[in-house]
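Try each task yourself, then follow the worked solution step by step.

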Amino acid sequence: MATVVTEKDLKEESSFDRLSDDVILFILQHLSLRDFFNLRFVSKRFAAICKDKSLVRHLQFSKNYWLTTDRFQSYVRPVVDKIETLNLNSCYWLKAAAVDLISKCTNLSSLHLTQVKVSMKNLCNIMSSLPNLVNLSFSISDIRDLHPELASSTGAQECLARLISLSLHFRHQLVYSNRPVINFCTGPTLFEYCRNLEEFHVYGFPSNARGIPKYIFQPQILKSENLKNVKVMTLNDAMDPAARMFFFGTLLSVCKLSVKFKTLLQPLGNVDQLWSMDGYATCLQNMEDLVHFDPSRTTFQIPSDVLHFESAHNLQYLNLSDNAAVTSETLHLLADTCPKLTSLNLQNCNYILLGPLKQQQQNSEQRRAYNDISGLQALLMACVELRSLNISGIHVHTQDLISTPYSSLAALLAMNNNWQCLSMSPCCLSVERSSKNNKRTFSLVPEGYLVKRRRIGTGAACHQSFATFPDANSPSTSQEDPSASSSSPPSSSPSSSSPSTTLDEPAFVSELEKLVRSCPSMENFELNCSGFRSAFNKYFGVHPTTCTSSPCMFSLTVGDHELMCIGRWKHLKSLQLTSIPGVNQGHCLLAIAKGCVSLEQLSIACLGQIAHCLYRNGLLAAFPFFSKLKDFRLEHPYMKVDEMMLTAMAKCSTLERVCIIAKNGTMDTEGVKDFFEKVQGLINFQLYTGRSLSVCRGLQAYLMSRYKKTRPAISVCIHPLLNGGLQEATAMLPDQHIDEMTILKSRVSIRPHDAY
């Protein structure tokens, strides 16, 4: 008798029940770790599928702040025999019970424990229980404790002998004193046991003024032949003398073996001094195998006898930032010899427009052209695979492009349709226009800060409603009808506030608009003013007195109207806007919030006029439209962190990290408490204002005590900006929050894309 399928049976069977396990596995690969974690509790079938080896083979827990020790144990314990890669970097809140579970993952080949609290004894026990481990990362507070533990653990020694890649993160207790005493010591290292090491990475503490480690360890490498296979050596850009001493001490030992590097990242390494060291010159005489190279923050000539870029045909990543010797001739050389470049950092290379020496006909003097754009043009034309470029801090104005068919540097960059990461100065977007309606008048204030004259009164545009404001994707600003952009609200340009334009005047397309139309796949974009230095910057660390702001006069022509088109970048994940005086109303921020649907990181510093935070209403109106924003950094001397602002920020429920720096700003303590209650995913909150030290400490203690149990990863720093103990207070924060949130710096092309 045939089985009759009733309508009730069909309703009980869901659509997912009809799918095969292979199809479901393919779908689950695209879920976030948190969604995947919760999916196990839906049904028994999903619980079984979630244990499949293809889903748990490589587990990335890094920066998943929702993860607790109990959740980690419940997730990992059923699949300990299937895990091959376990990344717990920056999971500083996990307890010892979570670390002890790692030793049961016997099939692990890669283990990353940077910033995870683990003693040297426990680390050696873990290494002894992992027979397949070849890639290891961990943090160390006192490297002198490591060698005695290794000497007594045969299993840890065998593990080091197998390692191919090793990463050390120096987590030193810093000393803050006007007369610090630095102890230098030396001794054997773990390299005595490494025989197959190919990659070595060192990470130091982020830049922090006045803070120095208690001691500096000089590695004593007795068996340098153990490092003969090393091809990759990297050091992060941090002013940590202990990490730097250990890295360069190891580097010089490796160079004596005449190895050929594939990756060498050595920021702040004096190339001229290293050149005189035994073996260094030999290693870099032939750069044919070099793929990633970072000699940044040092000055040396290119071309020169030190580095032979003529043989660097396979170079893909190059960081020459803060090198005053980089000229147009240097860029011509790179264009001819490095056609495979995909990422290039020229930040603060202020002389890239300096042409070669030319013999004058009338006399024998040799002079250089100061507006030679040919080198940059040749580089952009020859390196067709460039995806990431950092030229922030460099002035390239309209008059520098007179001999080219390009109206601005942005128009030149628009020739490449594949940009993914780009950092530049706002003045590179300016262009001179002959229309009378577009003339600008500037006034010079006593501090030397150029601002546009404007009248502020009861009818100021900053108090207008944003309800009817069109976003970047509205028909009035579509790419098909660029002339319709005149319907946008008034920007900093007087032309946009004029009653009308003449009919015979052609529609004006901003320079940034050309770039947006040409590069739809942009993921990371920065406009960093060359004359701005944050209160917390990578050069001086946490040091408010170093804050300066002197924008280029040409950057004043860049305002809300010009930045509106950023909202059309649907794939944009990170945006940084620094010291752009023309942003007054904040209309561009609302357009960005509505259009950039993938935006996860937003950093804005000193927009508009310094004495008047006129864009505040536009920023508050934008918060509800940030659907994926996780990291928000704001710096403005007169920003009010009051109830209105905190209420608006609370509408962005996806926030995880917030850093606000307002030297003369106020703070609403009750508003901050309500903000924490509403934004349940917030784990890092930094607030530096003008409030008293007692009020700041009381609020910080309240937040930490109330949310420490429910949010184990929480870290709070609320402190007066100009208080003397600011450096000590910020040093208590986890390293990744200091490096990524507290310190303001460019993120474009600071590391290779595929470098660990």
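**Exercise 1. Locate Gly355 and decide whether Gly355 is buried or exposed.**

Step 1: Look between strand 15 (343-345) and strand 16 (357-359); Gly355 lies in the loop that joins this stretch. Keep in mind that this is a predicted model.
Step 2: Take the relative accessibility of Gly355, which is 1%. Buried means under 20%, so Gly355 counts as buried.
Step 3: Now look for Thr327, which is 28 residues apart from Gly355 along the chain. The C-alpha atoms of these two residues are separated by 6.8 Å.

**Exercise 2. Find the loop that holds Ser153, and say which residues Ser153 touches.**

Step 1: Ser153 lies in the loop between helix 9 (146-151) and helix 10 (154-162).
Step 2: The relative accessibility of Ser153 is 11%, so Ser153 counts as buried.
Step 3: Leaving aside residues up to four places away in sequence, Ser153 touches Cys124 and Ser128. Both names return in the next exercise, among the residues of helix 8 that meet helix 10.

**Exercise 3. Work out how helix 8 and helix 10 are arranged.**

Step 1: Find helix 8 at residues 120-128; its axis and that of helix 10 come within 7 Å.
Step 2: The two axes cross at roughly 65 degrees. Angles of 65 to 115 degrees count as roughly perpendicular, which makes helix 8 roughly perpendicular to helix 10.
Step 3: The crossing of this pair, helix 8 and helix 10, is left-handed.
Step 4: On the helix 8 side, Cys124, Met127 and Ser128 take part; in helix 10 they meet Gly155, Ala156, Cys159, Leu160 and Arg162.

**Exercise 4. Explore the aromatic rings: how many aromatic pairs does the structure hold?**

Step 1: There are 21 aromatic pairs in the structure.
Step 2: Take Tyr92 and Trp93, whose ring centres are 5.0 Å apart and whose planes stand at 85 degrees, so the pair is edge-to-face. Tyr92 and Trp93 are buried.
Step 3: Phe623 and Phe626 also form an edge-to-face pair, with 6.2 Å centre to centre and 70 degrees between the planes. Phe623 counts as buried at 0% relative accessibility, and Phe626 counts as buried at 5%.
Step 4: One aromatic cluster is formed by Phe36, Phe37, Phe41, Phe61, Trp66, Phe72 and Tyr75.

**Exercise 5. Find where Lys594 and Lys673 lie relative to aromatic rings.**

Step 1: The charged end of Lys594 sits over the ring of Phe625, 5.1 Å from its centre.
Step 2: Lys673 lies over the face of Tyr702, 4.4 Å from the ring centre.

**Exercise 6. Step back to the whole protein chain: how many helices and strands are there?**

Step 1: The protein chain has 25 helices and 32 strands.
Step 2: Of its 756 residues, 55% count as buried.

How values were computed:
Residues are numbered from 1 along each chain as its sequence is written. This is a predicted model: local features need pLDDT of at least 70, side-chain atom pairs count only at pLDDT 80 or more; totals for chains, interfaces and linings use all residues. Side-chain values use heavy atoms; hydrogens and water are left out. Rings of Phe, Tyr and Trp (its six-membered ring) pair if their centres lie within 6.5 Å; planes under 30 degrees apart count as stacked, over 60 as edge-to-face and the rest as tilted. Buried means under 20% relative accessible area, exposed over 50%, partly exposed in between (1.4 Å probe, protein chains only). A charge sits over a ring if NZ of Lys or CZ of Arg is within 6 Å of the ring centre and within 35 degrees of the ring normal. Helices (H or I, at least four residues) and strands (E, at least two) are DSSP runs, numbered from the N terminus. Contact means heavy atoms within 4.5 Å. Axes are lines fitted to C-alpha atoms, for helices over the stretch in contact, and angles run from 0 to 180 degrees between N-to-C directions. Angles under 35 degrees count as roughly parallel, over 145 as roughly antiparallel, 65 to 115 as roughly perpendicular and the rest as oblique. A crossing is left-handed if the near helix is turned anticlockwise from the far one by less than a right angle, and right-handed if clockwise.
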